[in-house]
Amino acid sequence: MPTITAFESSPDRGRGQARDMRVRWALEEIGRPYDVRLVSFKQMKQPAHLALHPFGQIPTFGDGDLALFESGAIVLHLAERHAGLLPLEANARSRAIAWMFAALNTLEPPVVELGMAMLFERDKSWYEARLPMLQDRVRVRLGELSRRLGAADWLDGAFSAGDLMMVTVLRRLNASRLLDEYPDIAAYVARGEARPAFRRAFEAQLAVFTGASRS
């Protein structure tokens with residue numbers, strides 16, 4: 001049974017935005033049981049964890065003699081080895097993988113930059129002047145994504161690992177309310193969140209936080 005690492009005390013208070021959510025969701029989609037090893041921020045910087053993740057982050061993934069880090073690499077590994085997350089047809093499979101990279105390389109950087117500013121820069125003198133610029137950078141990408149998505153349910157035919165990664169990135173915009181400006185994208189995210197595998201993964205991640213809160 002594979003083992004993933006996750007936050008012992010999640011900064012997102014269990015709202016499903018920590019990156020282990022992507023791996024949990026993928027494992028639920030393919031129906032593979034898994035174990036979770038919770039790590040503290042201190043443990044993440046210790047040699048044992050750094051041997052698994054050289055940058056001291058989560059998630060990591062261990063399965064037999066295989067150890068992986070980076071959520072995108074882990075999800076791709078699972079998708080390539082189990083049915084349900086990548087199309088069988090070669091070209092469609094490649095396009096789904098391209099959408100995984102687009103989520104991580106094109107959408108996520110401006111989304112994370114906006115989120116970090118909203119969390120850590122509110123008391124800075126430049127915050128009010130910088131915020132509209134960060135929001136507009138995200139709006140550019142959302143507009144492009146909206147035009148491509150159109151009236152489709154998913155990015156390229158059936159649900160794939162590309163949609164899984166894209167939905168987890170877009171959910172990071174919940175606090176900004178920017179998705180309210182793009183009803184088609186908001187509906188797309190809602191379709192992802194309605195999937196039973198997502199709900200199971202979300203509840204598992206939330207249980208870590210609620211359990212820690214009660215202890």
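**Cavities, pocket and helix packing in a predicted model**

Let me begin with the largest cavity, which is lined by P87, A92, A96, W99, L155, D156, S160, G162 and D163. A cavity here is a set of points, on a 1 Å grid over the protein atoms alone, where a 1.4 Å probe fits but cannot get out, and a lining residue has an atom within 4 Å of a point. This is a predicted model: local features need pLDDT of at least 70, side-chain atom pairs count only at pLDDT 80 or more, and totals for chains, interfaces and linings use all residues. Residues are numbered from 1 along each chain as its sequence is written, and side-chain values use heavy atoms, with hydrogens and water left out.

The elements giving two or more residues to the lining of the largest cavity are α5 and α7 (161–170), and α5 gives the most, three residues. Helices (H or I, at least four residues) and strands (E, at least two) are DSSP runs, numbered from the N terminus. The volume of the largest cavity is about 50 Å³, where a volume is the space filled by probe spheres set on the points, and grid points are joined across faces, edges and corners. By class, its lining has five nonpolar, two polar and two charged residues. Ala, Val, Leu, Ile, Met, Phe, Trp, Tyr, Cys and Pro count as nonpolar, Asp, Glu, Lys and Arg as charged, and the others, Gly among them, as polar.

How many cavities of 30 Å³ or more are there? The count comes to two. The second largest cavity has a volume of about 40 Å³, and A6, F7, S10, A18, D20, R24, Q205 and V208 line it. Two or more of these lining residues come from each of β1, α1 (20–30) and α9 (196–214). Four are nonpolar, two polar and two charged.

Next, the largest pocket. A pocket is an open set of grid points with protein on both sides within 12 Å along at least five of seven lines. The largest pocket holds about 1000 Å³ of space. Its lining has 34 residues, and those closest to its centre are Q17, R19, M116, L119 and R172. At least two lining residues are supplied by each of α2 (41–44), α4 (71–81) and α5 (90–120). The largest share, ten residues, comes from α5. By class, the lining divides into 18 nonpolar, nine polar and seven charged residues.

Now the helix packing. Two packed helices are described by the angle between their axes and the distance between the axes. Axes are lines fitted to C-alpha atoms, for helices over the stretch in contact, and angles run from 0 to 180 degrees between N-to-C directions.

The axes of α5 and α7 come within 7 Å and cross at roughly 10°. These two helices are therefore roughly parallel to each other; angles under 35 degrees count as roughly parallel, over 145 as roughly antiparallel, 65 to 115 as roughly perpendicular and the rest as oblique. On the α5 side, the contact (heavy atoms within 4.5 Å) is made by A96, W99, M100, A103, L104, L107, E108 and V111. On the α7 side, A161, G162, M165, M166, V169 and L170 take part. Twelve of the contact residues are nonpolar, one is polar and one is charged.

For α6 (residues 127–149) and α8 (residues 183–193), the axes come within 9 Å and cross at roughly 75°. So α6 and α8 are roughly perpendicular to each other. L142, L145, S146 and L149 in α6 meet D184, I185 and Y188 in α8. That contact has five nonpolar, one polar and one charged residues.

The structure also holds seven aromatic pairs. Rings of Phe, Tyr and Trp (its six-membered ring) pair if their centres lie within 6.5 Å, and planes under 30 degrees apart count as stacked, over 60 as edge-to-face and the rest as tilted. One of the pairs is F7 with F41: the ring centres are 5.3 Å apart and the planes at 35°, so the pair is tilted. It links distant parts of the chain, with F7 in strand β1 (residues 3–7) and F41 in helix α2, 34 residues apart.

Last, the backbone. Most residues other than glycine have a negative phi, and most peptide bonds are trans. The peptide bond from I58 to P59 is cis, with omega near 5°, and P59 is found in the loop between α3 (47–50) and β3 (60–63). E70, in the loop between β4 (66–69) and α4, has a positive phi, near 80°.
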